Amino acid sequence: MFNLAFRALCAVILFIFLSGPAFAQAALRVFAVDPSNQPVVDVTVQLKRSGAVAATARTNEKGAVEFPNVTAGRYEVTVARDGYESMSRSDIIISPGSPLEVRFSLVPKIELKEGVTVTASAGTPVEAGAATPGGQFERKQLYDLANRPANVADTLPLVPGVTRTQDGEINILASGEHRSALVVNSADVTDPATGRFGMTIPVDSVERIDVFKSPFLAQYGRFTAGVVSVETRRGGERWSFDVRDPLPAFRFRSGHLAGLLNASPRIVFNGPLIKNRFYISEGVEYRLFKEPIRTLDHPNREMKTESVNSFTQFDYIVSPTHTLTATVHAAPRKALYANLNFYDPRPVSSNFSARDYTSTLIDRLAIGGHLLETTFAYKQYGSDVWGQGRGEMTLTPVGNRGNFFNEQNRNASRLELIEQFTPATFDYLGAHNLRFGASLARTISRGQWFARTVNIEDAQGRLRRRIDFAGGRPFEVSDTETAVYAQDNWVLHPQFAINFGGRVERQSIAGSVRVTPRFGLSWAPFGMRDTVVRGGAGVFYDRVPLNVYAFDSYPEQIVTTYGSNGEVTDAPRRYANIIGRSGRGFGFVREADRAGNFSPHSLTWSVELERGFGRHLRLKTNYMQAQSGGLVLLTPGKVSGKDALLVSGDGSSRYRQFEATAKVVWREEENFIFSYVRSRAKGDINEFTDYLGNSPFPVIRTNQYTNLGGDLPHRFLAYGLIKAPLRVRIAPLIEYRNGFPYAALDEHQQYSGVANSDRTRFPNFYSLDLRVMKDFDVKFRGDKYTVRLSFVGYNVTNHFNPLDVRRNVADLLSGVFFGRYRRWYKMDFEIFF
């Protein structure tokens, strides 16, 4: 029945898309930025064809202007503004139904002390045909979202195909963070040891966020799921100062004040240190959260976290064609009772602290219409994990006791150099937009992993299994990564363009060389108006995190099994920690013949149909399929006849997704986005992250190929902004989806039946969040300020969205869902100076 309905829906959508007018038009967006990539407002933009002016407009506060219905052909675009040199571009080719973005880097008329005027030079070239992101957020938009994001990670679940799991990890295409890339101003900022995102930068420091689901551009690497690309903001020509969420939240019990609950003040300031030359932008947040875990009873149910998240950017204009940008991101944090949950109450929980620092230096130089960009990046990440005591840990079907079994400390760093060169666009059988790049990174991870005895009891309190640990030593692993790429966006015809390129990567610790061919196309069929078909295919590779190669330095498990009467039924087995080899070859990889020669890869293809209906409605449908192999697993087994815990490259997964998205725009800044995603994700579930991460679980289970933990067959999402009278803004957020699957366990803490099956899912999730904002102007000592009051309601319908389930079949309450966040409200205010 579903297949029939699905095919009918596809047929209707296809009919709608193919029912447009028979003449070729497209939208043209022009962006004007200064040499530090910041928007320039009130720029006069003229669109000319055959020397005649076809249209004229001025850029808005985003430095952008849009010409919505431009007939296909070759155009000249000119831009002019006081204080800047006038510029023009005569190589603009409009393809039917394929929206085009043109970016001008304006050159200021800088008067030096000697009285020499620096004349204009060519702006940075326009990079045509870039992959369309699955989700995009600009700075101003971030402040109007219903979920009030504080950092980049908070915005990502609003993208179709991106979710946040119950443990807080971001999943892109149902895969964990270690299979995606997070880049800030082109620099990789993931944890070198685990591959996770860590603390992302504050939204106050963001200019734009793009989320790509397997972009078919060779410039992106070291991922098999998605790319989160962040561009940061520069200080402006005038000083500005904002205070956000300055007041803490207090706890009240029985009508009486009972102390501080949460505090998350944010301060933002930016401006010129030297006019027209040197700028600073700073965003900093202090966060103190005492989060109640609703599956536990008061008073021992609070998880306490404290963090500072600071991002500082300096921009220096060396000359009109040469700029320097330096950034520093500091994010130290600590958590008390970090993994607190129903099964791990306070005594069993762990504590966690992290030291996360990133710095970059970016040199941009325009030379005769070409752009050379050099980036130096340094990432340092340290973490410590420890328990509430040093007692043994005991696992039972109804809850655990004792103390957390693991302690670890590690320090990792990455030093990276990136060179990128974008030559000017040239014509040969069409317009070519080339890009070349290379990178070199050195990564080191040092630390030690400790473990104490773990007991496993049945429902009657009888000891059934005991895990002791022996050995272990400090580790130090290092890696050198190199990559080169080349790509070309080739506009063969106003109605047809192709993207093709390749990337070669080498990870020395794995001893593998990986080749990544990629291809994409865009086509405006039959000369239709505002309709475009896109497609692409490519090969992608994950970087293997350094934690994988430290595994043989971990303590080894000694497992003893007992019968119901306490007798030993299986003599103590010592499992050696073994780093194996890649299980299956892949045609685009040259592997070294040695242990650890892993190359996790994915072969991904997609096809997309996008159609605009005037200025107010744009529809997009997309089908994507990704087949992954060589994934790194950790499984129990035998090696050369001996018991072992084996890290291998034998894992695989498959992801399929159909997406339908509609964006409705009725006035400037007022829009609504509706999306529906139908997807399935299956694969091997024993990925290394469960044991080699910051919160390991001591039992390593037999692997299964089944639904992945992030599998959500159906998900509907809607959010937007509505402007009401009296400067009131309303931002709703609606989400309805299937529940996440979970694994049922037996009394030995092993899988009972098929893990993550469709029969073991949380109930369907539904939530309506609503944010209402009101702006006021306030005068103080002759100065004018804006104060924004916000009223936020979470889970307004009070729907039952359980937080946990009794998952052990030996528990008499097995299968019962419990814990929830009821309807609740919050008020806050912000000050804009």
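A residue counts as buried when its relative accessible area is under 20%, as exposed when that area is over 50%, and as partly exposed in between. The views below all show a predicted model.

**View 1. A buried salt bridge between Arg333 and Asp356.** Arg333 is buried because its relative accessible area, 16%, is under 20%, and Asp356 is buried as well, with a relative accessible area of 0%. The two side chains form a salt bridge in which the closest N and O atoms are 3.9 Å apart. Asp356 belongs to strand S23 (residues 350-367) and Arg333 to strand S22 (residues 333-336), so the pair ties together parts of the chain that are 23 residues apart in sequence. In the structure as a whole there are 60 salt bridges. Side chains of opposite charge can pair when their charged atoms come close.

**View 2. The salt bridge of Arg446 with Glu476.** The closest N and O atoms of Arg446 and Glu476 are 3.3 Å apart, and the two residues form a salt bridge. Distant parts of the chain are linked by this pair, since Arg446 lies in strand S29 (residues 431-451) and Glu476 in strand S32 (residues 475-493), 30 residues apart. Arg446 is partly exposed, at 41% relative accessibility, whereas Glu476 is exposed, with a relative accessible area of 55%.

**View 3. The salt bridge of Arg466 with Asp468.** The side chains of Arg466 and Asp468 meet in a salt bridge, with an N to O distance of 3.3 Å. Arg466 counts as partly exposed at 21% relative accessibility, and for Asp468, also partly exposed, the relative accessible area is 21%.

**View 4. A salt-bridge network that includes Arg222.** Salt bridges link Asp188, Arg222, Arg414, Glu416, Glu481 and Arg543 in a network. Within this group, Arg222 is buried, with a relative accessible area of 11%, and lies in the loop between S13 and strand S14 (227-232). The backbone of Arg222 has a phi near 65°, a positive value in a residue other than glycine. Most residues other than glycine have a negative phi, and most peptide bonds are trans.

**View 5. Backbone geometry in two further loops.** Asp42, which is not a glycine, has a positive phi of about 60°. Asp42 is placed in the loop between strand S1 (25-33) and strand S2 (44-49), and at 39% relative accessibility it counts as partly exposed. In the loop between strand S19 (278-292) and strand S20 (302-319) lies Pro299, and the peptide bond that leads from His298 to Pro299 is cis, with omega near 10°.

**View 6. An open sheet of five strands.** The five strands follow the order S8-S13-S14-S11-S12, and their pairing is mixed. At the edges are strand S8 (135-138) and strand S12 (187-188), each of which pairs on one side only. S8 pairs with strand S13 (residues 206-212) in the antiparallel sense, over four bridges, and the bridge partner of Phe137 in S13 is Ile209. Strands of a sheet pair through backbone hydrogen bonds, either parallel or antiparallel.

View 7. When residues up to four places away in sequence are not counted, Val228 touches Val152, Leu156, Ile172, Ala181, Leu182, Val183, Phe197, Ile209 and Asp210. In soluble globular proteins, nonpolar side chains tend to be buried together.

**View 8. A nonpolar patch on the surface.** Trp239, Leu273, Ile274 and Phe314 form this patch, and together they have about 380 Å² of accessible area. Ile274, one of the four, is in strand S18 (residues 266-274), and at 44% relative accessibility it counts as partly exposed.

**View 9. The surroundings of Asn262.** Asn262 has its place in strand S17 (residues 256-263). Although Asn262 and Lys290 are 28 residues apart along the chain, their C-alpha atoms are separated by 6.0 Å. With residues up to four places away in sequence not counted, Asn262 touches Pro248, Ala249, Leu288, Phe289 and Lys290.

Notes: Residues numbered from 1 in each chain as written. Predicted model: local features only at pLDDT ≥ 70, side-chain atom pairs only at ≥ 80, totals over all residues. Heavy atoms only, no water. Patch = residues over 30% accessible without salt bridge, like charges linked within 9 Å, V, L, I, M, F, W, Y side chains within 5 Å. Areas by Shrake-Rupley, 256 points an atom, 1.4 Å probe, with all protein chains shown as cover. Helix = DSSP H or I, 4+ residues; strand = E, 2+ residues; numbered from the N terminus. Buried < 20%, exposed > 50% of the residue type's maximum accessible area, 1.4 Å probe, protein only. Pairing = 2+ DSSP bridges. Contact = heavy atoms within 4.5 Å.
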